[in-house]
Amino acid sequence: QVQLVESGGGLVQPGGSLRLLCATSGIRVSNYAMGWYRQAPGKQRELVAHITIGGSTNYADSVKGRFTISRDNAKNTVYLQMNSLEPEDTAVYYCKATLISVYWGQGTQVTVSS
């Protein structure tokens, strides 16, 4: 059974940092394209960051230079380091694994507010 479990969200002030974790079981993250998505209230889910099987990364324009996606193959965990957070980053953040099948986590709430 495949599971993706996000953690690390919370309330942070503008300019602050958070690190999100996506702990997986039932897959090897090294064999999957892994992505972080987010969905704000009233908006569609959008891609934030993506890492390919080969390790190439890409980011939404709105987070370039502030967010970094990485993975630890030994721990089967994917991370999203978020710096210089802005109120517009407030959303539920989801982890996604894609190969032939697609798997999603349940999400973790990130709130950026003073």
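1. Arg66 is buried, with a relative accessible area of 10%, where buried means under 20% relative accessible area, exposed over 50%, and partly exposed in between (1.4 Å probe, protein chains only). This is a predicted model, in which local features need pLDDT of at least 70 and side-chain atom pairs count only at pLDDT 80 or more, while totals for chains, interfaces and linings use all residues. Residues are numbered from 1 along each chain as its sequence is written, and side-chain values use heavy atoms, with hydrogens and water left out.

2. Arg66 sits in the loop between strand E6 (57-59) and strand E7 (67-72); helices (H or I, at least four residues) and strands (E, at least two) are DSSP runs, numbered from the N terminus. Apart from its neighbours within four places in sequence, Arg66 is in contact with Gln81, Met82, Asn83, Ser84, Leu85, Glu86 and Asp89, contact being heavy atoms within 4.5 Å.

3. Arg66 also belongs to the lining of the largest pocket, together with Arg38, Gln39, Ala40, Lys43, Gln44, Glu46, Ser62, Glu86, Glu88, Asp89 and Thr90. On a 1 Å grid over the protein atoms alone, a pocket is an open set of points where a 1.4 Å probe fits, with protein on both sides within 12 Å along at least five of seven lines, and lining residues have an atom within 4 Å of a point. The volume of this pocket is about 190 Å³, a volume being the space filled by probe spheres set on the points, which are joined across faces, edges and corners. By class, the lining has one nonpolar, four polar and seven charged residues (Ala, Val, Leu, Ile, Met, Phe, Trp, Tyr, Cys and Pro count as nonpolar, Asp, Glu, Lys and Arg as charged, and the others, Gly among them, as polar).

4. An open sheet of four strands has the order E1-E3-E8-E7, with antiparallel pairing, two strands being paired if DSSP finds at least two bridges between them. Strand E1 (3-7) and E7 stand at the edges, each with a single partner strand, so one side of each is left without a neighbour in the sheet. From one strand to the next the twist averages 15°, with axes as lines fitted to C-alpha atoms and angles running from 0 to 180 degrees between N-to-C directions.

5. Within this sheet, E1 and strand E3 (residues 18-25) pair in the antiparallel sense over five bridges, and the bridge partner of Ser7 in E3 is Leu21. E7 and strand E8 (residues 77-82) are likewise antiparallel, over six bridges, and Ser70 stands opposite Tyr79 in E8.

6. Two residues deserve a check of their backbone angles. Asn76, in the loop between E7 and E8, has a positive phi of about 50° although it is not a glycine, and counts as buried at 17% relative accessibility. Ser84, in the loop between E8 and E9, has a positive phi near 50° and is also a residue other than glycine; at 41% relative accessibility, Ser84 counts as partly exposed.

7. Six of the eight residues of strand E9 (residues 91-98) are buried, so E9 is largely enclosed by the rest of the structure. Seven bridges join E9 to strand E4 (residues 33-39) in the antiparallel sense, with Arg38 opposite Tyr93. E9 also pairs antiparallel with strand E11 (residues 108-112) over three bridges, where the partner of Tyr93 is Thr108. E9 and E10 form a hairpin with three residues between them.
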